[in-house]
Amino acid sequence: MADPTLFQSFFMIFTGAALVATIALYGRQPLLVAYILLGMALGPFGFQLITNVELISEISRVGIVFLLFLLGLDMQPKALFSVLKQATHIGIISSALFAIAGYAIGWLFGFSHLENLIIGMAMMFSSTIIGIKLLPTTVLHHKHTGDLMVGLLLLQDFLAIVCLMVLLSGDLGKVDLPTLGKTFLALPLVAVAAWLFVKWVLLKLIQTFDRFHEYIFLLAIGWCMGMAELSEYLGLSAEIGAFIAGITLATSPISQYIAISLKPLRDFFLIIFFFSIGARFNLDLLPDVALSATVMAATVLILKPVTYRFLLHRQSEQDHLAWDIGFRLGQISEFSLLIAFVAVNASLIGEKASTLIQATAIITFLVSSYIVVFNYPNPIAVSDKLRRD
């Protein structure tokens, strides 16, 4: 069977997503779960209707970039510095604990030392997409819960970049310190350059042509993608570049108009992202990692909420807020999938270890989504009582 064209792939993804979303809503199930299961069914390890998964995954990354751009648009710079100050020690302590737990479970199931290090690395982070997607807009923009979650997720993004740089060096024992130093130096330089460009160029263009909505829409996308590409070129990530692009525009009076305009585009790409997670999962190797993935996922689902609750409560946060954040961050990350992909391509881990990370990601994505959707306020809750936009 010939590979489907991109148009045919999009037809199957979005028509299929519409059908499974309808079934999910009637069955009172989270939509994210439906998209992942659809990917498993249609992908190369299911019915093999869509085989160009690498292209689909690359396209889906745009959704993550837009997500971080919109996140930046809704956060004032002063609030960002304040929340990072609060979240730094919590993020570092929790990440270290999760890494140790991941290493220990990998060792228990007979993986090599190097594989255990990378498994532990993958366990450190929580999903920005799940966390932000399931957070009500009013909480994200105006409440302490949203500020703390954003701070923790951003700190984890910085740590993930360091981990990826170590993996891309090809040797966990040898870190390219000059390159690492250049990357850390690039971050403030990019932020300052972006702020100056917005102040002296972008805001003046917006003020001059704000009546032309199509132009504002185009300018926002160009600014977001341009900063994402520049940041990636300088050794940062596209996601951090997009966040910088958003936060430098946050003080503009038109920032909320841009955010509202881009949300449908973000959701378009995020549907593709969740589909690609399911499509890339190697079902043939599932029996080999079923037990270890179940143990790893159970550990993540229990350990992360308990850890965040303990650390946040010690910081004088209210108990219900600490549990809320803990369960919302109770999964591993899309960065974990990227770590597995990079590590297996560099021959640092085998397919079995990579499948373990992928299986743990999918299980924790699914279960944590269920926990949040059925117990906490969120935009896609099946209960009217919990649904918040």
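About 60 Å³ of space lies in the second largest cavity of this structure. The model is predicted, so local features need pLDDT of at least 70 and side-chain atom pairs count only at pLDDT 80 or more, while totals for chains, interfaces and linings use all residues. Residues are numbered from 1 along each chain as its sequence is written, and side-chain values use heavy atoms, with hydrogens and water left out.

**Cavities**

The structure holds 4 cavities of 30 Å³ or more. A cavity is a set of points, on a 1 Å grid over the protein atoms alone, where a 1.4 Å probe fits but cannot get out; lining residues have an atom within 4 Å of a point. Grid points are joined across faces, edges and corners, and the volume is the space filled by probe spheres set on the points.

Which residues line the second largest cavity? Among them are Phe 98, Ala 101, Gly 102 and Ile 105. Met 123, Met 296 and Lys 304 also belong to the lining. Helices α4 (77-108) and α13 (286-314) each supply at least two lining residues. The most come from α13, with 5 residues. Helices here are DSSP runs (H or I, at least four residues), numbered from the N terminus.

**Buried helix positions**

Buried means under 20% relative accessible area, exposed means over 50%, and partly exposed lies in between (1.4 Å probe, protein chains only). Helix α5 (residues 113-123) is largely enclosed by the rest of the structure, because 8 of its 11 residues are buried. Those buried residues include Glu 115, Ile 118, Gly 120 and Met 123.

Contact means heavy atoms within 4.5 Å. Not counting residues up to four places away in sequence, Asn 116 touches Tyr 103, Gly 106, Trp 107 and Phe 111.

Ser 336 sits in helix α15 (residues 334-345). Its relative accessible area is 0%, so Ser 336 is buried. Leaving aside neighbours within four places in sequence, Ser 336 is in contact with Ala 122, Phe 125 and Ile 357. Ala 122 is one of the buried residues of α5.

Ala 293 belongs to helix α13. Ala 293 counts as buried, at 1% relative accessibility. Residues up to four places away in sequence aside, Ala 293 touches Leu 356, Ala 359, Thr 360 and Ile 363. Ala 293 and Ile 64 are 229 residues apart in sequence and 25 Å apart in space, C-alpha to C-alpha.

**Salt bridges**

Side chains of opposite charge can pair when their charged atoms come close. A salt bridge is a side-chain nitrogen of Lys or Arg within 4 Å of a carboxyl oxygen of Asp or Glu. How many salt bridges does a search of the whole structure find? The search finds 4. The table includes some of them.

| Arg 61 | Glu 232 | 2.7 Å |

Arg 61 pairs with Glu 232. Arg 61 lies in helix α3 and Glu 232 in helix α10 (residues 213-233), so the pair ties together parts that are 171 residues apart in sequence. Arg 61 is partly exposed, with a relative accessible area of 23%. Glu 232 is partly exposed, at 34%.

Arg 266 counts as buried, at 14% relative accessibility.

Arg 328 and Asp 324 both lie in helix α14 (residues 319-328). They are 4 residues apart, about one turn of the helix. An α-helix has 3.6 residues a turn, so residues three or four places apart point the same way. Arg 328 and Asp 324 are both buried.

**Surface and loop**

Val 192, Trp 195, Leu 196, Phe 197, Trp 200 and Val 201 form a nonpolar patch on the surface. Together they have about 570 Å² of accessible area. Such areas come from the Shrake-Rupley method with a 1.4 Å probe, and for residues only the protein chains shown count as cover. Patch residues have over 30% relative accessible area and no salt bridge; nonpolar side chains (Val, Leu, Ile, Met, Phe, Trp, Tyr) are joined within 5 Å, like charges within 9 Å. Trp 195 is in helix α9 (residues 177-209). Trp 195 counts as partly exposed, at 45% relative accessibility.

Gln 48 is found in the loop between α2 (31-42) and α3 (53-73). Phi of Gln 48 is near 60°, a positive value in a residue other than glycine. Most residues other than glycine have a negative phi. Gln 48 is partly exposed, with a relative accessible area of 48%.

Note on methods:
On a 1 Å grid over the protein atoms alone, a cavity is a set of points where a 1.4 Å probe fits but cannot get out, and a pocket is an open set with protein on both sides within 12 Å along at least five of seven lines; lining residues have an atom within 4 Å of a point.
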